[in-house]
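The tour begins with one element and then moves out to the whole chain.

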Amino acid sequence: MRLGRRLMWSGVLGGALYWLARYLRPKHSTLVLNDKVVVITGASSGIGRALAFAFARRAARVVLVARNVEHLEAVRREIEPYTSDVLVVPADITQEDQLQAVVTQTLDAFGRIDVLVNNAGALLGGRLQDQDAGRIEQLIRLNLWAPIRLTQLVVPHMLAENAGYILNIGSGLGRTAAPLLTIYTASKYGLLGFSNALRRELDGTGIYLTLVLPTWTHTDMLPGDVEDTLEKYGYRLEHPDAVAERALLALVHGDNEVIIGGPMIKLGVWLERFVPFVMRIYWRFVVTPEWTAAMNKLGPQ
Ligand SMILES: NC(=O)c1ccc[n+]([C@@H]2O[C@H](COP(=O)([O-])OP(=O)(O)OC[C@H]3O[C@@H](n4cnc5c(N)ncnc54)[C@H](OP(=O)(O)O)[C@@H]3O)[C@@H](O)[C@H]2O)c1
């Protein structure tokens, strides 16, 4: 009996000490961004543009990837005061040949890729039965296939250096399932699974992976009237600069995952995980005709 108690208390004490050590232990990352070569997809607007600024301000060499070359050039002009090494690579990352060109052009220019930021993405809202098959495929290709394939192309170069950082921009909807955003939710849950599995696969290789889960953010992805509806329903919109700074901090600290959003978002993620029926009731109240009309407006711009 006494032995049993001793064993129990040793277990509790051991567990507490382990937790304390994990809590106090300096993070594993020693990332210094100065001169690092950073490839950012979706760098022409929103969170990607803000990330380009954040990396440039830390004197990284930045590769800007998106389809709209004028927008990319505008970002280049904006960040050039901070870093002289900016490469613009116009590419549709849903196309295999253009993805390969992103990697080869970066290696030709800089000889290495230190940080890959899989940020480009789009939204698709509305009821599943109303979605066009082609748009579903395109969204999955952009939000899930492209980050997987680009990472696959980049990882061998990182392995050759025994070092590298992957920053995946997921979404809070990769941890809480939203009706009327089923395809988007599926793509972001997929990115979460990919990120968690790959992190384990790369364990010990010197390559780190951070997954960022932002909440609703004020970018071109959201039409103004949809933002009004979101705010009416209690959501606080983040600023893309704040998201980018928090994401960068998580990367530098070597965090596995960071949820960006206020207490309502964090509570939602917790409830989804431990008491999902509460979220089911929540969504029953939220899906009103007004909410449905707002979600129907969400699609690639
Ligand atoms: N805004 C939010 O509320 C929110 C919330 C959570 C997570 N996120 C995530 O954050 C990421 C960035 O979103 P954002 O809000 O910054 O949206 P955004 O302002 O609309 O930016 C999307 C970016 O992706 C690029 N892009 C779209 N299709 C592309 C393609 N086929 N090939 C290459 N680039 C492409 C766009 O550039 P081009 O049009 O020039 O190609 C643009 O630079 C996404 O992954 C999104 O899911 C956003």
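**Stop one: helix 7**

Select residues 224-232, which form helix 7; its buried residues are Val226, Glu227, Thr229 and Leu230. Buried means under 20% relative accessible area, exposed over 50% and partly exposed in between, with a 1.4 Å probe and protein chains only. These four cover an arc of only 160° around the axis, so they lie on the same side of helix 7. The arc is that of the directions from the helix axis to the C-beta atoms.

This is a predicted model, in which local features need pLDDT of at least 70 and side-chain atom pairs count only at pLDDT 80 or more, while totals for chains, interfaces and linings use all residues. Residues are numbered from 1 along each chain as its sequence is written, and side-chain values use heavy atoms, with hydrogens and water left out.

**Stop two: around the helix**

Contact here means heavy atoms within 4.5 Å.

**Stop three: the whole chain**

Show everything as a cartoon: the chain has eleven helices and seven strands. Helices (H or I, at least four residues) and strands (E, at least two) are DSSP runs, numbered from the N terminus. The C-alpha atoms fill a box of roughly 75 × 55 × 35 Å along the principal axes. Of the 301 residues, 48% count as buried. Among contacts between residues at least 6 apart in sequence, 69% join residues at least 24 apart.
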